[in-house]
Amino acid sequence: PQAKFFAFGPVFASEDIIKYFEKKNIFDGIISSEIEAVIEKLLKCNSSKHFPSGVFYKKNKKYKANNNTRLFADINMIPFPDYSLVDHSQIDKFIIQTQRGCPMACNYCPYYISQGLKFRSHNPKKMVEQFKYLKNEFDANKIIIHDPIFTLDVQRVSDFCDLLIKEKLGIEWECETHMKQIDKNLLLKMKKAGNNKMSFGVESANNDVLKKANRRFDDWGKIKENIDYCKSIGIHTRAYFVLALEGDDVKGVYSTIDLMKFLGPNSANFGLPNLYPGTGAYQNAIENGII
């Protein structure tokens, strides 16, 4: 009964969410910083007076923080995931993360809110070490690299693939990325290194919609060229589309469906906007009286 109940996670990057839970009176405290950046300091604290930055505690039914600036973890200091804590024999695909932060900042996307704008990543050698660790310790054969934009640093990915090809681990892996940084040379190298599936956002066929969403890439010709080449070398492509972003209409929706047919990915995901608190899309929706 005397234990303090603190909550943490990407959603608490939003001040709106913190205010919401303040009214609900559920948690004794909220951690808005990345948990790995503050957990050791927090566990050593004997008093809330010494809580690290980005840790809110309840005082007079309000959440207070000594410093509300969010802290971000040094991703190279974070240990690899310990799959021995679960029945890993039942896991088909092991999920890892080699990068955090997204400078693209599309206004509907929670990545730049939860992880910040600064690109932070493992170096190629550590990326391969994680693959070897999962292979040797848990017999992983399939890995999902769950990075915001895996190919944001092209040289990093190229060097990673070179090292992975030499290791001959026999692991198939997939990633989520952006078509802007990709060309045939990189795609071929990724395939040789074991990449067999790639997901990427296209979002909308409407340039005005993309502009309002701060989506700064609409080179459909390059996307189709990359998709066609992926098909020719055996990389499955999955394209994401968002219908009814700000400024979209029924005509625009059909145009986006036509764009999907033109691009011809192996699979396509269509979704509606999720108005994540803290994003530009959420704020615009409030200002325009939509929510």
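Me: Which residue of β9 is the bridge partner of I143?
Reply: The partner of I143 is W173 in β9. The model is a predicted one.

Me: What makes β8 and β9 a pair of strands?
Reply: β8 (residues 142-145) and β9 (residues 172-177) share 4 bridges in the parallel sense. Pairing asks for at least two bridges between the strands, so β8 and β9 qualify.
Helix α4 (residues 124-138) packs on the sheet and touches β5, β8 and β9. The direction of α4 makes about 150 degrees with that of β5. Helix α6 (residues 184-192) also packs on the sheet, where it touches β9 and β10; the angle between the directions of α6 and β10 is about 140 degrees.

Me: In what order do the 6 strands of the open sheet run?
Reply: The order is β5-β8-β9-β10-β11-β12, with parallel pairing.

Me: Why do β5 and β12 count as edges?
Reply: β5 (94-96) and β12 each have a single partner strand, so one side of each has no neighbour in the sheet. From one strand to the next, the twist averages 20 degrees.

Me: Why is T151 called buried?
Reply: The relative accessible area of T151 is 0%. T151 sits in the loop between β8 and α5 (154-167). Leaving aside residues up to four places away in sequence, T151 touches V157, T177, H178, Q181, I182, L186 and M190.

Me: How do you know that the span of α5 agrees with its number of residues?
Reply: With 14 residues at 1.5 Å a residue, α5 should span 20 Å. The end C-alpha atoms of α5 are 20 Å apart, so the two values agree.

Me: What makes D153 a cap on α5?
Reply: A side-chain oxygen of D153 lies 3.3 Å from the backbone nitrogen of Q155, at the N-terminal end of α5. The limit for a polar contact is 3.5 Å, so this pair falls within the limit. Just after α5, K168 has a positive phi of about 55 degrees.

Me: Which residues of α5 are buried, and what covers them?
Reply: R156, V157, S158, F160, C161 and L164 are the buried residues of α5. The cover includes β6 (99-100), β7 (120-121), α4, β9 and α6.

Me: How do you know that the buried residues of α9 lie on one side of the helix?
Reply: The buried residues of α9 are G252, T256, L259 and L263. They cover an arc of only 55 degrees around the axis, which puts them on the same side of α9. In an α-helix there are 3.6 residues a turn, so residues three or four places apart point the same way. The face of α9 turned away from the buried side carries the exposed residues V250, K251, Y254 and K261. Among the elements covering the buried residues are β10 (195-203), α8 (220-233), β11 (236-242) and β12 (267-271).

Me: What makes D249 a cap on α9?
Reply: At the N-terminal end of α9, a side-chain oxygen of D249 is 3.3 Å from the backbone nitrogen of K251. Just after α9, G264 takes a positive phi of about 70 degrees.

Me: Why does I35 count as buried?
Reply: I35 has 17% relative accessibility; the cut-off is under 20%, so I35 is buried. I35 belongs to helix α2 (residues 35-44). The C-alpha atoms of I35 and G9 are separated by 7.4 Å, with the two residues 26 residues apart along the chain.

How values were computed: Residues numbered from 1 in each chain as written. Predicted model: local features only at pLDDT ≥ 70, side-chain atom pairs only at ≥ 80, totals over all residues. Heavy atoms only, no water. Buried < 20%, exposed > 50% of the residue type's maximum accessible area, 1.4 Å probe, protein only. Helix = DSSP H or I, 4+ residues; strand = E, 2+ residues; numbered from the N terminus. Arc of directions from axis to C-beta. Contact = heavy atoms within 4.5 Å. Polar contact = N/O pair within 3.5 Å; in protein donor to acceptor, adjacent residues only side chain to side chain. Axes fitted to C-alpha atoms, helices over the stretch in contact; angles between N-to-C directions. Expected span 1.5 Å × (residues − 1).
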